[in-house]
Amino acid sequence: MDNCEILQKKVAVLAGGWSDERDISMRSGRACVQALCQAGFARVDLFDVAESSFVEKLIHGGYEVAFITMHGRYGEDGCIQGLLEILHIPYTFSGVLASAAATEKEVAKAFYQTAHIPVAAGVDIGADTRLTEDQTTKIVEKLGLPLFVKPAANGSSFGVTRVSTTAELADAISLAGREGGRVLIEECVVGTEITVPVIGNEDPRALPIVEIVPGADFYDQKVKYEPSSQHHVIPARLEPAVYAKAQSLAVRAHKVLGCRGASRSDFIVRNDGTPVILETNTIPGMTATSLLPDSAAHGGIDFPSLCRMLIEYALDEHTKRSR
């Protein structure tokens with residue numbers, strides 16, 4: 001498909017929704033609309049999928065590709081992808097299965113382990129679980145303190161608690177459980193926090209690694225959306241062999257989950273140089289301060305070019321599957 005034909009495509013940018021990450025999603029959506037216009041796309045419209053007329057407008061609007069900026073539930077978990085599959089509209093980022101698998105942290109762990117990607121030790125429990133004193137003791141003995149309690153299927157650090165004492169565990173589980181689904185109790189892996197963006201479909205490649213310097217107990221939702229210069233070090237300050245290993249593992253995660261377009265895998269690099277994967281984001285943040293655009297820029301890909309590349313990946317995948 002030539003340059004002129006791509007830029008004539010009518011693009012629907014899908015944002016908002018009903019998750020905790022709605023506001024962040026709208027920010028991503030507005031940023032991507034601006035970037036796509038700067039890239040030369042003549043017809044770009046922003047949709048809040050929570051609006052009652054969204055589906056009708058999408059069906060009758062003549063849109064030829066959807067750019068998804070929905071983070072969290074209904075967007076990153078495969079739901080919106082399923083709708084777009086039914087409507088036969090090409091869309092950016094991963095498909096239904098990869099999105100659903102990556103969102104469920106324990107399911108993703110199973111995929112990682114088959115690909116020999118190191119994971120953190122953890123315990124998966126129901127959202128309404130009330131641990132006995134004996135169960136609490138066993139978990140702490142297994143995982144140590146501090147540890148992290150998080151929703152098993154949420155993002156952007158919503159509902160995540162760093163637990164330093166056994167007395168804090170019950171409240172942390174309750175908080176994570178409010179997000180719905182299951183709760184993951186996980187060891188606190190100590191080391192250098194990094195994230196590794198990957199772009200591509202069948203032959204993906206890693207972008208420059210971002211070292212995250214949170215300046216807080218962990219990289220929470222407040223820190224994530226502060227100016228990137230405060231918290232991002234690019235390229236990450238790792239030994240060359242460790243740097244290459246982390247990039248290789250991120251590409252491996254992208255492939256084993258079946259991701260396409262782009263993904264961003266988060267790791268903690270232990271003091272012995274072992275990168276331990278925490279999660280893979282299938283729809284990374286797309287604001288001016290977000291990790292994927294920041295990494296891409298350091299790799300020579302400006303934001304408008306990145307957004308255009310994601311459209312191209314989406315159209316290529318749709319064409320391949322339509323043959």
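Aspartate 124 is partly exposed in this predicted model, with a relative accessible area of 26%, and its side chain meets that of arginine 182 in a salt bridge, at 2.5 Å from N to O. The two partners lie 58 residues apart, aspartate 124 in strand β4, residues 122–126, and arginine 182 in strand β7, residues 182–187, so that the pair links distant parts of the chain. Arginine 182 is likewise partly exposed, at 39%.

A second pair to look at is lysine 9 with glutamate 64, where the closest N and O atoms are 3.8 Å apart. Here lysine 9 counts as buried, because its relative accessibility of 14% falls under the 20% cut-off, while glutamate 64 is partly exposed, with a relative accessible area of 32%. In aspartate 266 and arginine 264, whose side chains meet at 3.3 Å, N to O, both residues are buried. The structure holds 17 salt bridges.

Phenylalanine 67, leaving aside its neighbours within four places in sequence, is in contact with residues including Leu14, Met286, Cys307 and Ile311.

Finally, how do the axes of helix α2, residues 22–39, and α13 cross, and within what distance do they come? They come within 8 Å and cross at roughly 90°, and the two helices are therefore roughly perpendicular to each other. By class, their contact has nine nonpolar, one polar and one charged residues, with Cys32 and Leu36 among those from α2, and Cys307 and Arg308 among those from α13.

Methods: Residues numbered from 1 in each chain as written. Predicted model: local features only at pLDDT ≥ 70, side-chain atom pairs only at ≥ 80, totals over all residues. Heavy atoms only, no water. Contact = heavy atoms within 4.5 Å. Axes fitted to C-alpha atoms, helices over the stretch in contact; angles between N-to-C directions. Helix = DSSP H or I, 4+ residues; strand = E, 2+ residues; numbered from the N terminus. Parallel < 35°, antiparallel > 145°, perpendicular 65-115°, else oblique. Nonpolar A, V, L, I, M, F, W, Y, C, P; charged D, E, K, R; others polar. Salt bridge = Lys/Arg side-chain N within 4 Å of Asp/Glu carboxyl O. Buried < 20%, exposed > 50% of the residue type's maximum accessible area, 1.4 Å probe, protein only.
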